[in-house]
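This report describes a two-chain model for a reader new to it. The sequence and structure come first, then the description.

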Amino acid sequence: MDHAADGHQPVVREEEAIQHPLGVYFKIWILLFVLSAMSYAVDYYQVQGYLRWFLILMFMVLKAGLIIAVFMHMVWERLALVYFILVPPVLLLTFVAIGSLEADWTFFQRGVHFLKELIIAAPLSPHH
Amino acid sequence: MSTDTMAVDSLELKPGIAGFMDDWGSDQRAFKGVPWGKAMMWIFLVSDTFIFGCFLASYMTVRMSTLDPWPVPSEVFALSFGGAPIPLILIAIMTFVLITSSGTMALAVNYGYRKNKWVTFWLLFATALLGATFVGMQVFEWSKLILEEGVRPWGNPMGAAQFGSVFFMVTGFHGFHVSIGVIFLFIFSYKVARGHLDDQTPGWFTKRGGNYEEIEVLGLYWHFVDLVWVFIFAFFYLW
């Protein structure tokens with residue numbers, strides 16, 4: 001077993017991996033089921049308004065965190081890899097900010113424009 | 001080459017922030033002790049995060065800017081089993097199927113590192129079947145929406161036209177990821193069963209020797225697919 005030839009150190013890694021006890025995976029698995037059931041319950045019981053958004057986001061973040069941390073082994077990785085993965089996606093928040101500014105502006109413009117059309121068209125077509 | 005690499009990696013690695021600074025400032029490879037395939041998979045997954053992130057950000061933009069009412073997913077995706085329609089039930093079942101497959105995948109990685117060939121094989125095979133089930137349910141969902149509800153990428157009878165474009169784009173791209181994952185899960189089930197990872201048989205495409213680390217790399221991809229679904233479920237189906 002000449003792993004060294006391609007620069008791997010599987011000997012160390014395998015020992016590390018074996019040390020993850022199976023119980024952790026089962027616990028996380030059950031938690032993911034419970035969290036999914038709870039986020040479905042938000043819809044099933046028609047929770048509305050800010051409470052709905054808060055619950056959806058909370059269950060989403062918890063599920064994503066558990067999957068990344070345990071199933072994708074991030075809690076066992078070195079920070080060099082962890083930061084490389086977690087920091088760049090934060091930039092997506094910039095897109096979200098730009099997108100929401102633009103969307104508000106578009107919404108406003110459509111409102112002004114379509115409202116004008118409706119007023120002009122109203123006498124001609126009462127069903128509009 | 002091997003002696004150099006081993007010498008570097010046998011140096012004591014510092015933990016925490018100091019270790020992070022040392023790793024990135026070492027003027028060598030930054031991801032110490034991380035196998036090549038795993039680092040590459042993570043780089044791919046970060047780029048994929050941006051693709052799905054951009055899809056979801058665009059979805060937010062079109063949903064916020066439309067004057068027409070947004071169709072209510074809870075009603076659009078309701079199914080009736082003889083009685084009253086149950087809201088969003090198909091999507092809920094798909095979510096559970098995908099989470100179950102994530103669990104079997106995590107166990108497959110673990111048993112792979114234990115070199116337990118047959119348990120790894122059956123877990124991978126189960127993961128592949130669950131993934132195929134998910135894709136099958138998605139086919140059902142799509143055909144119901146297209147044929148019965150009349151949803152098109154350019155319009156639908158329920159409200160804002162953007163609903164259809166976002167739905168087909170986002171779930172289609174995710175379903176494509178799941179399908180690719182299922183294909184690779186079947187390929188790796190075969191490789192495990194044939195003992196290719198035990199014997200380090202070179203792969204037909206990469207010509208690299210088989211290794212149980214490959215199961216962890218495949219697992220990263222599969223968990224990512226589940227992870228994306230968590231976000232799609234929250235933002236598209238529940239919001």
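## Basis and chain folds

Helices (H or I, at least four residues) and strands (E, at least two) are DSSP runs, numbered from the N terminus. Read along the sequence, chain B then follows the pattern α-α-α-α-α-α-α-α, with eight helices and zero strands. Chain A has five helices and zero strands, in the order α-α-α-α-α from the N terminus.

The model is predicted: local features need pLDDT of at least 70 and side-chain atom pairs count only at pLDDT 80 or more, while totals for chains, interfaces and linings use all residues. Residues are numbered from 1 along each chain as its sequence is written, and chains are lettered from A and ligands numbered from 1 in the order in which they are written.

## Burial and extent

A residue is buried if 20 or more other C-beta atoms, placed from the backbone, lie within 10 Å of its own. By this count 16% of the 128 residues of chain A are buried, and 37% of the 239 residues of chain B.

The C-alpha trace of chain B spans about 65 × 40 × 30 Å along its principal axes. An automatic or database domain assignment divides chain B into domain 1 (1-33) and domain 2 (35-238). The C-alpha centres of these two domains of chain B are 35 Å apart.

## Contact between the chains

Two residues are in contact if their C-beta atoms, placed from the backbone, lie within 7 Å. The contact between the chains takes 54 residues from chain A and 55 residues from chain B. On the side of chain A that touches chain B, helix 1 (10-18), helix 2 (22-44), helix 3 (49-71), helix 4 (79-86) and helix 5 (92-121) of chain A each supply at least two residues. Helix 5 of chain A gives the largest share, 13 residues.

## A helix pair in chain B

Helix 6 (residues 117-148) and helix 7 (residues 162-193) of chain B pack at an angle of about 155 degrees, with their axes 8 Å apart. Axes are lines fitted to C-alpha atoms, for helices over the stretch in contact, and angles run from 0 to 180 degrees between N-to-C directions. The angle therefore makes helix 6 of chain B roughly antiparallel to helix 7 of chain B (angles over 145 degrees count as such).

Among the residues in this contact are B:Phe121, B:Leu124 and B:Phe125 of helix 6 of chain B, and B:Val182, B:Leu185 and B:Phe186 of helix 7 of chain B.

Methods
Parallel < 35°, antiparallel > 145°, perpendicular 65-115°, else oblique. Buried ≥ 20, exposed ≤ 12 C-beta atoms within 10 Å, placed from the backbone.
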